[in-house]
Amino acid sequence: MRRVLARHLGVARSVDAGADDVLITSGAQQAFDVIGRVLIDPGDVVAVEDPGYPPVRQLFESLGAQVVPVAVDEHGIRVAELPARARLVYVTPSHQFPLGSVLSLGRRTALLEWASANEAVIIEDDYDSEYRFSDRPLDPLQSLDQEGRVVYVGTFSKTMLPTLRLGFLVAPPSLLPALRSAKRLTDWHNDYVSQAAMARFIDTGGFARHVRQATKAYGARHRQIIDAARELLGESMRVVPSVAGLHVCLVPVDDAEPFDADRVAADAAAAGVSVQSIARFSQGDHRGLMLGFGAIAPEDVPDGLRVLGRAIARSAHPQPDR
Ligand SMILES: Cc1ncc(COP(=O)(O)O)c(C=O)c1O
């Protein structure tokens, strides 16, 4: 599995790795856990994106870290705002979770320079970069890294099944022995049957074919959701530009207009449409909604967005309770 995966990552993502650089984990979440166990001492400062992926923040807090949120804009994490004391920084460069921005080349370079100057380690979470709907992706931080400061983390949760619990990390030689020990002490190893099946699927070309087909289907749905959201909700909501992944974000056009994302989400849910408030992913104040489209049938998109539009209109013009 490690040999096949290293070759696949080299071809698909320009990740520079051999079999010995790879550690198989139970989903990306266990990769974050073993990295945290090895690198975090209680009280250490760890930087995460804000808005960002809550399970990582919660995990690092549970390991005793002082987790510092760092703002994200259309170029990804604001590197200039990283705390100098951080030992570890967690980022989603290919497709920022949840906003969808791509970490620009300038910021990638700046982040690597920051890590070098501060002797910090960067966790690169490449959770859904297989689904990319535009031009060639930027090279991952892992392949730009000259100093062994990046641990690259991937998962089969988006390309296969989240219930498979199959993920991996690619780490520099200086960190691998400790990461391997942490994994072994946690659960010895992942189950061999699913690893063997997955390795064979990758090795025989089936996985690449599956990802190509899925990317085509999700790309069409991504386009459909964006076009329909602009047409049906464009007066009140703006689509945050995105070129990858299985979700898009919408933010209110008018900052002054009342917008209660929790209420919109609850109203929409009552009518059978599930969306999430971006504020859920932030320590600060973020107005907007995240729409996952991985599991919705294309024919249901327009009606779903109409339901959402009515919930947004009710939030903007609340009726007094009778
Ligand atoms: C930002 C991010 N990272 C990683 C993952 C995948 O986690 P896992 O491999 O543990 O299922 C997800 C899944 O939703 C995610 O949104």
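The questions below concern the aromatic pairs and the ligand site of a predicted model.

Local features need pLDDT of at least 70 and side-chain atom pairs count only at pLDDT 80 or more, while totals for chains, interfaces and linings use all residues. Residues are numbered from 1 along each chain as its sequence is written, and side-chain values use heavy atoms, with hydrogens and water left out.

Q: How many aromatic pairs does the structure hold?
A: Rings of Phe, Tyr and Trp (its six-membered ring) pair if their centres lie within 6.5 Å; planes under 30 degrees apart count as stacked, over 60 as edge-to-face and the rest as tilted. Under these cut-offs the number of aromatic pairs is eight.

Q: How many residues apart in sequence are the parts that the pair of Tyr 53 and Phe 97 ties together?
A: The rings of Tyr 53 and Phe 97 are edge-to-face, 5.4 Å centre to centre with 80° between the planes. Helices (H or I, at least four residues) and strands (E, at least two) are DSSP runs, numbered from the N terminus. Tyr 53 lies in the loop between β2 (45–50) and α3 (54–62) and Phe 97 in the loop between β5 (86–91) and α4 (105–118), so the parts tied together are apart in sequence by 44 residues.

Q: Is Phe 97 buried or exposed?
A: Buried means under 20% relative accessible area, exposed over 50%, and partly exposed in between (1.4 Å probe, protein chains only). Phe 97 has 10% relative accessibility, so this residue counts as buried.

Q: Which loop holds Tyr 127, the partner of Phe 97 in an aromatic pair?
A: Phe 97 and Tyr 127 pair edge-to-face, at 5.9 Å centre to centre and 80° between the planes. The two residues are 30 apart, and Phe 97 is in the loop between β5 and α4. Tyr 127 is in the loop between β6 (121–125) and α5 (141–144).

Q: What share of the ligand's accessible area does the protein cover?
A: A polar side-chain atom of Asp 125 lies 2.6 Å from a nitrogen atom of the ligand, and an N or O atom in the side chain of Thr 155 is 2.6 Å from a ligand oxygen atom; a polar contact is a pair of N or O atoms within 3.5 Å. Accessible areas come from the Shrake-Rupley method with a 1.4 Å probe. Of the 400 Å² that the ligand has on its own, the protein covers 89%.

Technical notes. A polar contact is a pair of N or O atoms within 3.5 Å; within protein, one must be able to donate a hydrogen and the other to accept it, and residues adjacent in sequence count only if both atoms are side-chain atoms.
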